[in-house]
Amino acid sequence: MKAKSTLIALILSLFYFSCNQEKEPEVKNYWPNAGVTYEIFVQSFYDSDGDGIGDFNGVTEKLDYVQELGANAIWFMPIMPSPTYHKYDVTDYKAVHPDYGTMEDFKRLLEEAHQRDIKIVIDMIINHTSTEHPWFQESKKGRDNPYRDYYVWAQKDTIADFLDKKVITLDSDNIRQWHDPGSGEDYYYGFFWGGMPDLNFDNPKVREEIYEIGRFWLEEVGVDGFRLDAAKHIFPDDRPLDNHEFWKEFRAKMEAIKPDVYLVGEVYDKKEIVAPYLPGLPALFNFDFHYTLLEAFNTADGMLLPKKQKEILDFYQNITPEFIDATISSNHDQPRLLNELGEDVDKYKQAIAVMLTMPGAPYLYYGEEIGMKGLKPDEHIREPFLWDVKAKDEGRATWIEPKYSIDSEVTPLALQRNDPNSIFNHYKSLINLRNTYPALALGKLSLPSSEYPKPIMAYSRVHEGQEIFAVHNLGDEEISIELPAGFDKVIFGMGDGVNLNGTLTLQKNASRVYVK
């Protein structure tokens, strides 16, 4: 009898214990719809062979780091052969740049990444080639050459009015679109500069070449998708409908090869121009998010970004319910985020807290997670990653002499890992938080009904019964607000603040995230 009562007591105690144990939230991979993608410039990431240039084997060595950070995918800036350091002018679409290693090295990187559930997306530059590409070398030989119509040519007298006219755009400051290859008679079209002649997509042969290149990388190499460079410029700006139709055709061709192919497009413009590309490019970069994030912080206008983001998401929803909003805080074309925020680390951390608690599929630019710095020209926003203090950093690339991301300005990763308050650990904890709470990853964005003081940014995220409320004080002064009812469990906090019976007081650059 005693044994039986003891057993019953044990069962009851275990039942009580299990009922009172709070269930540990599950960490999930929400890519591609809401997962985190890490943008890498291979040349500056990790040099495995001591030649001063980052390489594929170096990235492979650091895949555990990408996994530790919490990223679900990697986007590689161009990896194909090219005469320039940035490699946005391709000379061979079915090869890799020898500075980075061999195709076998890249395939090993792919295999190792996939074993870690990390997807690989490569930059695909199809708007233009290099002038050194064999197609162009043939094309410029004369009007009768079979490759002539692979590019856009015009006789000088027919384009006289256009030779010195060009409106500068967000994605190019080139002031001349037509270029003389040396003959003085026929000019070729190159939107970005003379070294990048635009392909002629009115030519069916060019389109077939491009589809075959896509097939090669998806089928023979095994990448998971493409980041499509200069997607708005496949046809000239006065032919947007042709651009939209091309990308729908491209998507159909790629999905026939790989049904779950991931396509993200660079359409550097406002939402009205971006949205019509969604049927062809299901993921598009949200440049408005980047610029509005900066404006919100630099003017301490709290609701500017949530209102703008809601407006964009609602607008896209009217085009298609199936879209991926690729949000960015910076990338290889913009000054580093820390510089844009006046090198204010508290603002910087808060900006990342905003981005990673907002809707979308965030892209993180390599080095942002350790607070790397950089200003134009572009080479200096693409400086080498700081893995350790310089004397111990065997993998630090040396292809360029850095001006901004140097040891006296940026704390290397090895030192940040051991500091719970470091920028690295801040990123890591926020990514983990996002991957843990479905509402943060997948939840719809709701704006508060209450009016808050101007520096307060507040919004809710709701998904399948889970509701999260985020609030940030972007200002320099202490501010108190009334919390919505039911929010008392803090899942993330930064900066000084106190909640007294539903009245939350936040100091400068303080944030709180609550779950109901």
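I call a residue buried at under 20% relative accessible area, exposed at over 50% and partly exposed in between, with a 1.4 Å probe and protein chains only. Helices (H or I, at least four residues) and strands (E, at least two) are DSSP runs numbered from the N terminus. The model is predicted, so local features need pLDDT of at least 70 and side-chain atom pairs 80 or more, while totals for chains, interfaces and linings use all residues. Residues are numbered from 1 along each chain as its sequence is written, and side-chain values use heavy atoms, without hydrogens and water.

Entry 1: strand S7.
I looked up S7, residues 225-228, and found both of its faces covered. Gly225 and Arg227 are buried on one side, Phe226 and Leu228 on the other. In a regular strand the side chains alternate between the two faces of the sheet.

Entry 2: its partners.
I count strands as paired if DSSP finds at least two bridges between them. S3 (residues 119-124) pairs with S7 in the parallel sense over four bridges, and Ile122 stands opposite Phe226. S8 (residues 262-265) also runs parallel to S7, joined by four bridges; there Gly265 is the bridge partner of Leu228.

Entry 3: the largest pocket.
I took a pocket as an open set of points on a 1 Å grid over the protein atoms alone, where a 1.4 Å probe fits, with protein on both sides within 12 Å along at least five of seven lines; lining residues have an atom within 4 Å of a point. The volume, the space filled by probe spheres set on the points, is about 890 Å³ for the largest pocket. Its lining has 37 residues, and among the closest to the centre are Asn33 and Asp325. Helix H11 (304-319) gives the most to this lining, four residues.
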